[in-house]
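Subject: Structure handover

Dear colleague,

Please find the structure below. My notes on what was found in it follow.

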Amino acid sequence: MTETYFITGATGFIGERLARKLVERGARVRCLARPNSRRETLKELGVEFVEGDLENPEALTTGATGATAVFHLAGVTREMRGADFMRVNRDGAERVAKACLAAAESGTTPILTFVSSLACAGPAPKGYPGDALYDECRLLVETDLPRPISPYGRSKRAAEETLQTYADRLPITAIRPPYVVGAGDRESAPLFRLAKRFGAFVEPGWRDRYFSFVPGDDVANVLIAAVERGERMTRTTLDPLADDPTRCSGAGVYFATAPKPIRFSEFGQMIGRAFGRAKTKVYKIPPLGVAGAGLLCEGAKKALGVRPGMDWNKAIEALRGPWICSGAKATAGLGVAIDEDLTPAIERAARWYEETGRV
């Protein structure tokens with residue numbers, strides 16, 4: 001019997017890769033899509049489209065009905081108004097959960113797999129002697145109580161907290177990727193363009209912080225494995241433990257990341273090498289410059305009605321860190337081994353940017 005899967009956010013970077021992998025496995029794939037969304041790649045795959053968005057309960061229920069699993073990837077990483085993050089990321093997750101419950105009334109209870117973010121967990125905490133330390137910080141693990149610092153991170157935590165209230169009625173798993181790279185990633189186009197055209201790379205703040213990265217294809221692999229053999233959230237997954245209020249059970253939550261973080265400047269050098277440059281010049285933007293750019297872009301949003309790549313939310317995240325996490329739980333529990341070397345993913349991204357004229 002052909003399995004059916006429903007994806008929200010399928011027109012995005014990770015969503016397209018997930019849809020492709022599911023189709024290649026012989027699955028029937030439905031994708032939630034707005035009328036003006038980019039559909040060319042998905043049409044080539046032969047997926048079914050469910051017209052609507054996260055504010056359309058009927059469309060969500062249609063997509064979820066009869067599905068083995070629902071992959072909820074849709075959300076916003078930049079907002080136009082202050083309430084957008086919660087309205088889309090938190091409230092959208094709840095509507096998807098309700099749609100899964102409505103679908104269950106037809107006989108099939110779908111597994112809800114939610115794409116959260118490392119931003120939900122917050123920057124890495126200070127470590128102790130004996131830990132594997134990166135700038136005196138240790139890798140975040142799933143049992144660390146989430147401590148987001150940005151509006152986006154807080155909306156993702158709110159979404160996870162909302163979903164755990166449904167955990168006694170639905171099987172739910174949350175996946176938290178860090179910085180995602182690869183062919184199809186439109187967000188990193190400015191960094192690749194600078195490296196190709198000028199041999200330059202910009203880094204926010206004075207400190208060369210560590211970041212965790214993951215190729216987009218590997219996130220899709222983790223999502224599929226989470227459906228097949230992942231643990232599920234409970235109603236207390238994110239609650240502080242009685243004997244240690246800095247910890248939680250983390251049940252049903254996984255970080256999806258390459259094994260070791262790298263410094264952000266090394267990410268820039270890797271981009272340069274992908275374009276054949278032996279050396280890429282790294283320019284540091286002073287913290288006041290990052291904050292000022294964030295505030296200016298906030299003003300542009302309000303005055304011009306545009307959604308720039310930089311805003312106050314991004315400025316907050318850029319000036320904190322390190323943003324690092326451990327993928328050990330996903331590797332052991334889901335059986336997905338992510339390559340430590342990011343070079344192939346960055347090279348594929350560079351070729352894609354060139355072929356699509358983005359650099």
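Does Phe192 count as buried or exposed, and at what relative accessibility? Phe192 counts as buried, at 2% relative accessibility; buried means under 20% relative accessible area, exposed over 50%, and partly exposed in between, with a 1.4 Å probe and protein chains only.

Some notes on the basis. This is a predicted model, in which local features need pLDDT of at least 70 and side-chain atom pairs count only at pLDDT 80 or more, while totals for chains, interfaces and linings use all residues. Residues are numbered from 1 along each chain as its sequence is written, and side-chain values use heavy atoms, with hydrogens and water left out.

The chain as a whole

The chain contains 13 helices and 15 strands, which are DSSP runs numbered from the N terminus (helices: H or I, at least four residues; strands: E, at least two). Its radius of gyration is 20 Å, close to the 21 Å that the globule rule gives for 359 residues, so the chain is as compact as a globular protein of that length. That radius is taken over C-alpha atoms, and the rule is 2.2 Å times the number of residues to the power 0.38. Along the principal axes, the C-alpha atoms fill a box of roughly 60 × 50 × 45 Å.

Of the 359 residues, 55% count as buried. Among contacts (heavy atoms within 4.5 Å) with a separation of 6 or more, 77% are between residues 24 or more positions apart.

Aromatic pairs

The whole structure holds 15 aromatic pairs. Rings of Phe, Tyr and Trp (its six-membered ring) pair if their centres lie within 6.5 Å; planes under 30 degrees apart count as stacked, over 60 as edge-to-face and the rest as tilted.

One of the pairs is Tyr179 with Phe264: the ring centres are 6.5 Å apart and the planes are at 50 degrees, so this pair is tilted. Tyr179 lies in strand E9 (residues 179–181) and Phe264 in helix H9 (residues 264–274), so the pair ties together parts 85 residues apart in sequence. Tyr179 is partly exposed at 24% relative accessibility, whereas Phe264 is buried at 7%.

Phe192 and Tyr353 form another tilted pair, 4.6 Å centre to centre with 40 degrees between the planes. Phe192 is in helix H7 (residues 189–198) and Tyr353 in helix H13 (residues 343–355), 161 residues apart, and the pair links these distant parts of the chain. Tyr353 is buried, with a relative accessible area of 0%.

Finally, Tyr179 and Phe264 belong to one aromatic cluster, together with Phe201, Phe211, Phe213 and Phe267.

Regards
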